[in-house]
Amino acid sequence: MRTTWIKLLFALFFALTARQTMFAQSQPSGTFTNPLLPSGADPWVIYQDGYYYYTNSTQNSLVIWKTKNLGEMAKAEKKTVWVPEPNTPYSKELWAPELHYLNHKWYLYYAADDCNNNHHRLYVLENSSPDPLQGTWVFKGKLNDDSDKWAIDGSVFEHKGKLYLIWAGWEGDENGQQDIYIAKLKNPYTVEGKRVKISSPLYDWEKNGDLHDAANPPHVNVNEGPEILAHGKKLFLIYSASGCWTDFYALGMLTASADADLLDSESWAKSAQPVFKKSEANGVYAPGHNSFFKSPDGKEDWIIYHANAMPGQGCGSFRSPRMQKFSWNADGTPNFGIPQRTGIPMAVPSQRK
């Protein structure tokens with residue numbers, strides 16, 4: 001009897017093993033599912049020398065992931081590259097880091113404060129190593145114009161040989177509304193000239209911002225997270241609108257001619273509707289704070305963003321990074337579609353042949 005049971009157990013084991021092997025072989029190759037990580041707000045991606053480098057907000061430090069396949073982010077090499085000294089104006093609430101490769105050096109841009117949100121400003125680090133996970137990150141200081149007002153979500157882009165900084169800031173010294181500003185950069189860590197406001201919350205979908213917190217105003221209108229997307233003869237500035245603490249956080253768009261004076265607010269035209277917003281049908285809430293990247297073969301355009309999986313989850317650790325391919329409309333504007341449901345296999349960015 002004992003021998004019979006042992007034979008049955010072995011038969012069952014081999015049957016299960018064969019079934020698992022067949023199941024694994026049946027799975028499509030070269031696919032991924034969202035979310036890329038269980039948690040990670042304000043995702044940023046850059047592709048350089050065959051690798052994707054990724055970073056997101058971690059609050060108290062700056063961390064970079066390195067991988068050839070963003071679909072395998074959870075397995076990627078990861079390193080904390082900088083921890084600020086304690087008790088400085090930039091020791092706390094490190095938000096929205098961005099990694100840029102400029103003039104053969106790496107730069108990390110981020111916002112930080114001393115644990116008082118009113119003191120948030122932009123800061124920058126520099127690294128001359130070809131690999132941003134190696135070498136030494138040197139603190140270059142605060143990145144601000146002469147107004148030195150509250151600032152977060154700094155991003156840098158180059159256009160026609162000139163370097164520009166875009167960010168979200170306050171007009172004055174009190175919270176109540178976040179606007180989007182642009183300024184010219186003298187170099188990757190020095191602002192040249194005055195800031196110019198190019199976007200303020202205008203439409204109802206940009207003004208969802210009620211707060212229930214005694215430490216903050218009762219309501220804040222928000223434009224933040226600006227990112228540049230160049231295509232053809234146009235520049236698109238994609239930004240996040242409404243409070244991230246609401247389910248209505250969404251992406252809006254400004255458009256400028258590639259030949260326009262980018263420091264002239266009249267050069268930027270705002271779209272009347274959001275270009276990417278929540279999908280209750282797909283279980284995606286408050287999608288926003290995105291960045292853009294190309295596939296390794298340069299043929300595909302991708303957006304990476306954070307979102308919540310349930311309503312009412314706000315601005316905390318429930319936000320997770322997701323990515324999806326997007327296309328272009330006949331008029332040259334981007335078509336981001338709708339946020340895709342999590343857990344659905346999608347093809348990874350197309351590889352070089």
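Hi everyone, let's start with histidine 100, which counts as buried because its relative accessibility is 7%; buried means under 20% relative accessible area, exposed over 50%, and partly exposed in between, with a 1.4 Å probe and protein chains only. Before I go on, this is a predicted model, where local features need pLDDT of at least 70, side-chain atom pairs count only at pLDDT 80 or more, and totals for chains, interfaces and linings use all residues. Residues are numbered from 1 along each chain as its sequence is written, and side-chain values use heavy atoms, with hydrogens and water left out.

Back to our histidine. Histidine 100 sits in strand β6, residues 92-102; strands here are DSSP runs of E with at least two residues, and helices are runs of H or I with at least four, numbered from the N terminus. What does the side chain of histidine 100 make a polar contact with? The partner is the side chain of glutamate 98, at 2.8 Å. A polar contact is a pair of N or O atoms within 3.5 Å; within protein, one must be able to donate a hydrogen and the other to accept it, and residues adjacent in sequence count only if both atoms are side-chain atoms. Setting aside neighbours within four places in sequence, histidine 100 has contacts that include Trp44, Trp106, Tyr107 and Tyr109, where contact means heavy atoms within 4.5 Å.

Now to lysine 270, in strand β17, residues 269-270. A polar atom of the lysine 270 side chain lies 2.7 Å from the backbone oxygen of serine 200. The lysine 270 side chain also makes a polar contact with the side chain of glutamate 206, at 2.8 Å. Beyond four places in sequence, the residues touching lysine 270 include Pro201, Tyr203, Asn223 and Met253.

A pair of aromatic rings is described by the distance of the centres and the angle of the planes. Rings of Phe, Tyr and Trp (its six-membered ring) pair if their centres lie within 6.5 Å; planes under 30 degrees apart count as stacked, over 60 as edge-to-face, and the rest as tilted. That rule gives 28 aromatic pairs. Tyrosine 203 and tryptophan 205 are stacked because their ring centres are 6.3 Å apart and their planes at 5°. Tyrosine 203 is partly exposed at 26%, while tryptophan 205 is buried at 15%. Phenylalanine 276 and phenylalanine 336 are edge-to-face, with 6.4 Å between centres and 75° between planes. Phenylalanine 276 is in the loop between β17 and β18 and phenylalanine 336 in the loop between β21 and β22, so this pair ties together parts 60 residues apart in sequence. Both phenylalanine 276 and phenylalanine 336 are buried, and they belong to one aromatic cluster, whose members also include Tyr305 and Trp328.

On to the sheet. Four strands form an open antiparallel sheet in the order β18-β19-β20-β21, and β18 and β21 are the edges, each pairing on one side only. Two strands pair if DSSP finds at least two bridges between them. Strands β19 and β20 are joined by seven bridges, with alanine 307 opposite serine 320. Strands β20 and β21 share two bridges: serine 327 partners asparagine 335, and tryptophan 328 stands opposite proline 334. In that hairpin, with five residues between the strands, glycine 332 takes a positive phi near 90°.
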